[in-house]
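The following paragraphs examine how two chains meet, and then turn to the fold of one of them.

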Amino acid sequence: MKAAGVAGIAGLAGCTDSLTSGDGGDGGGGNEALGNYPIEGDTATFGFNIPLSGPYGSEGQDELRAYELAVKHLNNGGGWVDSQFDDLSGDGVVGKTIDYSEADTETDKGKARENARQLIERDNAIMVSGGSSSSVAINVQDECQKQKVLFMACLTHSNDTTGKDCVRYGFREMFNAYHTAKALAPVLGEEYGEDLEFYQLYADYTWGKSVEESMRQFLSEGPGWSEVNSVATPLGTSDYSSYLSDAQSSGADVLLLNHYGLDGAKSVRQAVDAGVDEEMDIVVPLYNRPMAEAAGDAISGVFGTVAWDSAIDNTPSNEFTSAFQEEYDRIPSGPAQLAYAQTLQYAAAVERAGSFYPPDVIKELEDYSYSNIGMGEETMRKCDHQAQRAVPVVRGLPADQIETGNYFEIVNTTEASQVTYGCDTGPAAQCELGPYE
Amino acid sequence: MSLVADLISILLNGLQQGAIYILLAVGLSIILGTLEFVNFAHGALYIIGAYVGLYVAQGLVVSEGYLAEAGFSDLGLGMGFIVGMIVVALVVFVLGLLFERFIARAFYDRPDTDQILVTFGLAIIVQEILRVSLGSTSQPVNQPTWASGSVPIPGVAISEWRIYIILITALLVGIVYALVEYTDFGLVVRAGTMDDEMVRLLGIKLSRPYIIVFGIGAALAGVAGLVAGPLSPINPTAGTDILVPAFVTVVIGGVGSIRGAVAAGTILGITQAALIQTQIGTYNLAPWSQVGIYAIAAIILLVRPEGLLGEEVDTA
């Protein structure tokens, strides 16, 4: 509303000086007011919209830590700002000090959209980031597109985020379910054999359906597996025993648990406690450190993919782990790395554009290639705003090796070239980005 | 899977899922029926029981929150599940007594809305204290080693611990039922429920039995928190999440009726399990499992507005 109002006044006033960016550190002279641009005063506000409660609450807490660390480094230097992002200087962004507002999505898409409105209209956020649930991310990025405020998606893994629900104002660093399935299917085929039968339980919303569809596609096309059944489970299910009983009695060889966060920890633990793992191999296509922590030794031997992990041994990864540990005395999770990386990516694009003017920042991000966040060479593709990047495939460590902060081993890091897909295929084929302005 | 294995699986899963509802609902129901006190803090007692039990029975690693910052990251006594259950029952019983004496008692004659506000507020306070002290990370609770196998029935994937949950629930609810139905203590409580003024005129002080009723209800919630721990990693908000199905169980069963709570919990658990495990042709009914619970609740309340065995309270 505010944005529309400002834009309207700008039109009537014929783009007065007060509504165009001058040279006061924002450097985008001549650009019309758009969204929360131009920024008044010396402070630019980022809006972090994260799940601090609900099934993905643990992930959200870690994301918030990383966002706070990113803001600190943007203003005062440190971490990747000093070592990996040449565009950043550690004294704010294009002359503005960075501040932030946070809001709890409660892992609920309606609440998340309302939060996004408040962050944009009340707190004047120039950029919104967050996620953990794909339905949250899709709703928030839709709101951001309408309000012409950039959304730097943190954790969201549904194909739809950069597929049929993609927007011009949204960018995703995280790989999607399609990438996961392409990376995981060959590993599973090699490990368990060909022509097996599998059974899927999946979270009943956009993300779970994405994973279910992609796993079915690539397990069929790759190792030639066939699906026995696929059953939806409500988000936030407390007890999976009945679902697991059915899965076990199906006679399938492999059980795919397409659940995430606390739900994933519960379902894999309940499966192992019920002895399902004695008759079926269990796969959790996407998991992370907080999930493994909550699942305990039930994660042992379980294959999956992770956004990022501190065990990935390269300079950017080690630097991030070190900075995070120094600040919080704990090992960062994959979602934390995404939150930190996305905040800095946005800030660096603003610096390259020399302005917070959204269309200029978008153009700086589109087709931008980088290799500074610990995942090798990446490209933020212009056609769907989906990073084309490597996918770490992991396996839970044996029970006797599981210690705090060390739950899984990296089986391989599947190169971006092996999991990428064309702009006219896969999820990208359904993507129609909206207008720049 | 054979039909027999299917039915066994539905029965055991249903009974077990219902058992947790029953443990919570019995305490909630007797407090509501006897003291006419709406206790939204019942979920807080559940989660306190879970954390106390985890501390005593197994131990926990805390990586965030005030305790971790103060250097207390490895907590726990590792005394085993049975000791854990006994300690939880005692600790939460005492907490229940304190809660009744210093908070609930002042609200007995106040409107339901006041009771809801104060108990809901208390639940949030407990949740936040746990969160800032121990962090919001979910803590895994291991099954006791003596119950860590799976049930040896071909085609039925159920852990032994779930059978123990059914047995523990049956034992505890049986004891409470006997206490209320067949002892002088229970007679006073039931008489007080029907006409507290008359009981007082007879020279019987009701504050003591009432506080014990509160303590028993609290202890059942605490034990529920610990026994449900191995099914789902615990975190500070788990108590709030379980409160709604527990209240639904109370309402369906009939306020104040132990037998009603047992019947309602069993019906809800089995309905849920049956819907999840039923497939018509290629269509699986699992997505209707949550709806099914509330549909059953609506049907029962339409036919019997007082709940399944609600009348028993009035006439007992």
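Across the interface of chain A and chain B in this predicted model, eleven residue pairs, both members at pLDDT 80 or more, are in polar contact (a pair of N or O atoms within 3.5 Å, one able to donate a hydrogen and the other to accept it, with residues adjacent in sequence counting only if both atoms are side-chain atoms). The side of chain A that touches chain B comprises ten nonpolar, 13 polar and nine charged residues (nonpolar: Ala, Val, Leu, Ile, Met, Phe, Trp, Tyr, Cys and Pro; charged: Asp, Glu, Lys and Arg; polar: the others, Gly among them). One salt bridge is found between the two chains, a side-chain nitrogen of Lys or Arg lying within 4 Å of a carboxyl oxygen of Asp or Glu. Asp239(A) pairs with Arg162(B) in a salt bridge, with 3.0 Å between the closest N and O atoms.

Chain B is built from 13 helices and four strands (DSSP runs, H or I of at least four residues and E of at least two, numbered from the N terminus). Of its 316 residues, 52% are buried, that is, under 20% relative accessible area with a 1.4 Å probe, protein chains only. The C-alpha atoms of chain B occupy a box of roughly 60 × 55 × 35 Å along the principal axes.

Residues are numbered from 1 along each chain as its sequence is written, and chains are lettered from A and ligands numbered from 1 in the order in which they are written. Local features need pLDDT of at least 70, side-chain atom pairs count only at pLDDT 80 or more, and totals for chains, interfaces and linings use all residues, while side-chain values use heavy atoms, leaving out hydrogens and water.

Notes:
Buried < 20%, exposed > 50% of the residue type's maximum accessible area, 1.4 Å probe, protein only.
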